[in-house]
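Reader: Could you go through this one with me slowly? I am still learning how to read such things.
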Amino acid sequence: MTDARLILLLKTSITIGISLILTGIYLHNFSETVEAMGVKGIIVSAMCVAFGMVLSLPTKMYLTFLLVMRESEKQK
């Protein structure tokens, strides 16, 4: 996989992750349907936030890895 394709995949992943987080927050705070569902509605909104965080995590880890690699190359 080329670097450009990997970067595109990571950008897509973080975009979908942030969208899911925002959707979960919207559902929890403003949606009357989720409120009417009771506990199941809370679970639905919490799952949106959880999956959003899972999707946005690989990008953060990869960027941290790149920064560490650059720092180690500078010190050589």
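Reader: To begin, is Tyr26 buried, partly exposed or exposed?
Author: Tyr26 counts as partly exposed, because its relative accessibility is 47%, where buried means under 20% relative accessible area, exposed over 50% and partly exposed in between, with a 1.4 Å probe and protein chains only. Please keep in mind that this is a predicted model, in which local features need pLDDT of at least 70, side-chain atom pairs count only at pLDDT 80 or more, and totals for chains, interfaces and linings use all residues. Residues are numbered from 1 along each chain as its sequence is written, and side-chain values use heavy atoms, with hydrogens and water left out.

Reader: Okay, and how many aromatic pairs are there?
Author: The count comes to one aromatic pair, taking rings of Phe, Tyr and Trp (its six-membered ring) as paired if their centres lie within 6.5 Å, with planes under 30 degrees apart called stacked, over 60 edge-to-face and the rest tilted. The ring centres of Tyr26 and Phe30 are 6.0 Å apart and their planes stand at 35°, so this pair is tilted.

Reader: Where do Tyr26 and Phe30 sit along the helix?
Author: They are four residues apart in helix 1 (residues 3-30), and therefore about one helical turn separates them; helices here are DSSP runs of H or I with at least four residues. Phe30 counts as exposed, at 59% relative accessibility.

Reader: New topic: what is Ser13 in contact with?
Author: Ser13, which is in helix 1 and counts as buried at 15% relative accessibility, is in contact with Leu55 and Thr59, leaving aside neighbours within four places in sequence; contact means heavy atoms within 4.5 Å.

Conventions. Helices (H or I, at least four residues) and strands (E, at least two) are DSSP runs, numbered from the N terminus.
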